[in-house]
Amino acid sequence: MMRSVFSYVAAVVLFLTLSGCSKERQVFCDLTLRLVQPDGLQAVTVRIDNTLPGNVLRNYNTGQNYDFPLFVNGAANLRVLKGVYLIAFDGVATLSDGSVRTFRFSGYNAPDKAVSILDDVQTVELEVRAL
């Protein structure tokens, strides 16, 4: 009798321990924004002025705005709340030869063009134009 009670208690403890290890749903995404640059242009850095009204990285669901980080070698990383995003910007690109150009991205600038960012880790490619 004592052995069966012990086995039962051990089984319950094991079940509770293992069920508590289930992965919690994450509400944030570790996001990489990767610039797809025009042929022949390689930006070392792209800096976006977050104060300009047309430059937007906004969670459409919550209305929360995020500042664009500095793009280095065509990529920038940040942590955002999962959701649907509006993304548009003009940025100052410093090219590998030292010259400066303006890069524009407007692909996700309206609700009907917004991008879903729903994975725990996600990369979004942004095809920029040089002005």
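## Fold and overall composition

Helices (H or I, at least four residues) and strands (E, at least two) are taken as DSSP runs and numbered from the N terminus; on that basis the protein has 1 helix and 10 strands, and its elements run α-β-β-β-β-β-β-β-β-β-β from the N terminus on. The model is a predicted one, in which local features need pLDDT of at least 70 and side-chain atom pairs count only at pLDDT 80 or more, while totals for chains, interfaces and linings use all residues. Residues are numbered from 1 along each chain as its sequence is written, and side-chain values use heavy atoms, with hydrogens and water left out.

Of the 131 residues in the protein, 31% are buried, where buried means under 20% relative accessible area, exposed over 50% and partly exposed in between (1.4 Å probe, protein chains only).

## Aromatic pairs

Across the whole structure, a search finds 5 aromatic pairs, which are rings of Phe, Tyr and Trp (its six-membered ring) with centres within 6.5 Å, counted as stacked with planes under 30 degrees apart, edge-to-face over 60 and tilted for the rest. One of them is the tilted pair of Tyr-66 and Tyr-85, with 6.0 Å centre to centre and 45 degrees between the planes. Because Tyr-66 lies in the loop between strand 3 (56-59) and strand 4 (71-72) and Tyr-85 in strand 6 (residues 83-95), this pair ties together parts that are 19 residues apart in sequence. Both Tyr-66 and Tyr-85 are buried.

Phe-68 and Phe-89 form an edge-to-face pair, at 5.2 Å centre to centre and 65 degrees between the planes. Phe-68 counts as buried at 6% relative accessibility, as does Phe-89 at 2%.
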